[in-house]
Amino acid sequence: MEIPVFTVDAFTNLPFKGNPAAICPLLHELSDELYQRIAAEMNLSETAFITRLNPADDFTTGSRFRLRWFTPTNEVNLCGHATLASAAVLFHHKKNVNPTVTFETKSGELCVTQRGEGIVMDFPLNPPTRQDPNEFRDFIKAAVGNHPVQDVYLSSTTKKLMVRLADSCDRSVLTSLKVDPVALLSNERSGKVKGLIVTMKGSPDCQPGYDFYSRFFSPWNGIPEDPVTGSAHTVLACYWSDKLGKKKMLAYQCSSRGGELELEVRDDGRINIAGQTVTVLQGTITL
């Protein structure tokens with residue numbers, strides 16, 4: 001069996017930046033066990049598998065596909081960067097003729113549209129709710145040490161805990177955080193949290209004008225730190241849109257690779273997340 005595979009860097013226009021995803025367009029479904037073993041072999045934060053919903057379609061003419069995402073350890077319900085990368089494979093490599101394609105996923109239907117140099121994803125919003133920081137005191141200390149924290153919010157649907165650093169913190173505080181994945185796991189056993197977002201207010205007056213910064217950690221899913229995380233921004237955009245009074249925002253995830261996301265919070269409870277991609281590898285998995 002030969003399976004085509006593409007490694008695509010998402011949320012960047014430069015190779016080796018953004019977040020890499022492995023994308024496999026498949027003519028036939030494979031077993032869940034094989035999906036997981038391929039994802040473990042690729043060993044990126046996500047490997048995505050695109051399959052046709054209608055056997056009469058192909059990847060060039062079809063407009064509806066099934067999409068599933070696997071980390072090296074488990075399947076996940078939503079992944080932004082691997083959705084962006086999957087759309088890039090269809091639009092740029094398979095020369096899909098449709099302006100918009102729809103993916104059927106564990107998070108419902110996700111529509112993805114070509115726009116100029118980039119791709120726009122139509123995602124659900126996941127509004128977080130304010131938490132008592134004392135409930136997560138040891139966990140927060142493991143994450144950010146003694147740095148001052150302004151807000152703690154939880155998205156119960158995605159199990160992402162968002163910790164906002166105080167505005168007195170410089171961006172270097174966020175970029176230099178050394179977060180120990182083992183400490184996160186040992187300090188959060190309630191099952192409420194499967195991902196940690198650390199965020200802070202941006203520098204909208206300095207070009208290119210980022211409204212907020214973030215980093216994302218998910219050792220519960222086998223990902224010590226994710227370079228750029230679309231799904232985390234379904235939570236972040238809700239919070240920052242409210243705090244900043246803005247619907248359109250530019251965000252930067254300041255991992256070592258770094259990545260940029262254009263966000264538009266819509267009135268229908270959804271969000272447009274836009275970004276660019278670069279394909280760095282094309283090959284074949286032989287089994």
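**Cysteines**

Cys 111 counts as partly exposed because its relative accessibility is 27%; buried means under 20% relative accessible area, exposed over 50%, and partly exposed in between, with a 1.4 Å probe and protein chains only. The model is predicted, so local features need pLDDT of at least 70 and side-chain atom pairs count only at pLDDT 80 or more, while totals for chains, interfaces and linings use all residues. Residues are numbered from 1 along each chain as its sequence is written, and side-chain values use heavy atoms, with hydrogens and water left out.

- A search of the whole structure finds 0 disulfides, a disulfide being a pair of cysteine sulfur atoms within 2.5 Å.
- For Cys 111, the closest cysteine sulfur is in Cys 79, 17 Å away, which is too far for a bond.
- Cys 238 is buried, at 16% relative accessibility.
- The closest cysteine sulfur to that of Cys 238 is also in Cys 79, at 18 Å, too far for a bond.

**Largest pocket**

- The largest pocket has a volume of about 480 Å³. A pocket is an open set of points on a 1 Å grid over the protein atoms alone, where a 1.4 Å probe fits, with protein on both sides within 12 Å along at least five of seven lines; lining residues have an atom within 4 Å of a point. Grid points are joined across faces, edges and corners, and a volume is the space filled by probe spheres set on the points.
- It is lined by 27 residues, and Val 76, Asn 77, Leu 78, Thr 158 and Lys 160 are the closest to its centre.
- Elements giving two or more residues to this lining include helix H2 (80–93) and helix H6 (230–244); helices (H or I, at least four residues) and strands (E, at least two) are DSSP runs, numbered from the N terminus.
- The lining of the largest pocket has 6 nonpolar, 14 polar and 7 charged residues. Ala, Val, Leu, Ile, Met, Phe, Trp, Tyr, Cys and Pro count as nonpolar, Asp, Glu, Lys and Arg as charged, and the others, Gly among them, as polar.

**Second largest pocket**

- The second largest pocket has a volume of about 190 Å³.
- Of its 15 lining residues, Phe 11, Thr 12, Asn 13, Glu 260 and Gln 276 lie nearest the centre.
- Strand E16 gives the most to this lining, with 3 residues.

**Helix H1**

- Leu 34, Tyr 35, Gln 36, Ile 38 and Ala 39 are buried in helix H1 (residues 32–42).
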